[in-house]
Amino acid sequence: MKALVFTGKQHMEIQDIDKPEVKPNEVRVDTAYAGVCGTDHALYNGLPGSADAVPPIVFGHENSGVISEVGSDVDGFKVGDRVTVDPNIYCGKCFYCHTGRPELCDNLSAVGVTRNGGLEESFTAPATNVYPIPDNVSLKDAAVIEPISCAVHGIDLLKLTPYQKALVIGDGFMGQLFAQILQSYGVHQVDLAGIIDEKLDLNREKLGVTNTYNTTRDQLPSDYDVVIEAVGLPQTQQQAVEATRKGAQVLMFGVGKPDAHFEMNTYEIYQKQLTVQGSFINPNAFEDSIALLQSGDLNVDAIISNVFDLDEVEPFLQGKTKGVSKAVVKVGE
């Protein structure tokens with residue numbers, strides 16, 4: 001079968017490899033679509049993701065497809081089921097798993113990171129990580145349930161009420177997702193800051209955002225109850241803290257470089273009684289994410305900008321493909 005194999009730092013090859021064998025507790029999924037995200041950019045460039053990717057490995061931790069084989073110990077799934085896969089596999093034995101924080105698992109493994117994922121025609125996954133896709137959700141949209149779940153986990157770490165004003169900094173795919181999810185959770189005003197007018201206009205005119213700010217020319221207000229930073233740059237992280245009112249919450253979601261730092265006024269943290277919260281991966285968030293798509297509360301099709309073939313993935317990861325907000329890869333039929 002065809003697979004896009006990461007063979008070493010900044011190098012991928014389309015190879016013909018054997019179909020994976022299915023263990024008793026697993027299913028095999030014939031991939032329909034696989035998403036490509038910032039984690040894949042990091043792994044391609046030799047940086048850490050949720051776990052270390054040791055080549056040769058097939059990326060594709062965001063995926064959707066159809067079950068083609070079911071392991072002997074698996075109940076509840078059958079050949080032909082349309083599914084998506086939560087990539088993160090927790091050990092269940094470490095301190096963090098035992099204390100209800102599996103996302104911090106000391107022995108985390110992941111489909112598309114430490115074991116082959118969706119950028120191949122078929123891949124396997126533990127049945128416990130597999131979720132059926134509702135009939136009214138397309139396989140293309142289902143390929144981005146994993147990033148939705150990461151945003152949902154971040155939202156779950158906050159205390160949200162309808163009276164709040166929220167600001168999302170970042171007009172990439174994740175920032176636009178957060179803007180929609182905050183609205184679906186009942187926050188009465190959601191604003192979006194970014195650098196691309198077309199994206200900002202789309203979110204204000206068609207996706208329910210109240211106000212938009214282009215940070216290349218606009219000053220951000222400092223009166224928000226909730227600020228979500230979805231970029232990962234020191235300057236935007238600093239902006240997130242500065243955009244708060246007293247008692248606010250700041251979610252640091254954007255993934256910065258491992259050696260990056262930003263400055264905070266510690267007196268401001270104290271005087272405003274701010275909560276600054278990190279967010280890592282997506283524990284127990286797939287069911288809510290699927291429900292948001294099924295209900296129609298999220299319009300992800302409007303913010304998926306590109307559908308690639310396998311041979312277009314590496315040029316994208318190399319930065320040669322411009323104007324991409326969110327790409328999914330069409331792997332199978």
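A: Helices here are DSSP runs of H or I with at least four residues, strands are runs of E with at least two, and both are numbered from the N terminus. The model is a predicted one, and every value below is computed from it.

Two packed helices are described by the angle between their axes and the distance between the axes. For helix α4, residues 145-156, and helix α9, residues 286-295, the axes come within 8 Å and cross at roughly 110 degrees. Because angles of 65 to 115 degrees count as roughly perpendicular, α4 is roughly perpendicular to α9. The crossing in which α4 passes α9 is right-handed. On the α4 side the contact is made by Ile145, Glu146, Ile148, Ser149, Val152 and Asp156, which meet Phe286, Asp288, Ser289, Ile290, Leu292 and Leu293 of α9. By class, the residues of this contact divide into seven nonpolar, two polar and three charged.

The loop between β15 and α9 holds Asn284, which has a positive phi of about 55 degrees although it is not a glycine. Most residues other than glycine have a negative phi, and most peptide bonds are trans. Asn284 counts as exposed, at 71% relative accessibility. Gln273 likewise has a positive phi without being a glycine, with a value near 55 degrees, and its place is the loop between α8 (266-272) and β15 (275-278). With a relative accessible area of 63%, Gln273 is exposed, because exposed means over 50%.

Helix α5, residues 173-184, has twelve residues, which at 1.5 Å a residue should span 16 Å, and the 17 Å between its end C-alpha atoms agrees with that expectation. This helix is mostly covered, with ten of its twelve residues buried; among them are Phe173, Met174, Leu177, Phe178, Ile181 and Leu182, and the buried residues also include Gln176 and Gln180. Just after α5, Gly186 takes a positive phi of about 95 degrees.

The peptide bond that joins Pro55 and Pro56 is cis, with omega at about 0 degrees.

Definitions and conventions. Residues are numbered from 1 along each chain as its sequence is written. This is a predicted model: local features need pLDDT of at least 70, side-chain atom pairs count only at pLDDT 80 or more; totals for chains, interfaces and linings use all residues. Side-chain values use heavy atoms; hydrogens and water are left out. Axes are lines fitted to C-alpha atoms, for helices over the stretch in contact, and angles run from 0 to 180 degrees between N-to-C directions. Angles under 35 degrees count as roughly parallel, over 145 as roughly antiparallel, 65 to 115 as roughly perpendicular and the rest as oblique. A crossing is left-handed if the near helix is turned anticlockwise from the far one by less than a right angle, and right-handed if clockwise. Contact means heavy atoms within 4.5 Å. Ala, Val, Leu, Ile, Met, Phe, Trp, Tyr, Cys and Pro count as nonpolar, Asp, Glu, Lys and Arg as charged, and the others, Gly among them, as polar. The expected span of a helix is 1.5 Å times one less than its number of residues. Buried means under 20% relative accessible area, exposed over 50%, partly exposed in between (1.4 Å probe, protein chains only).
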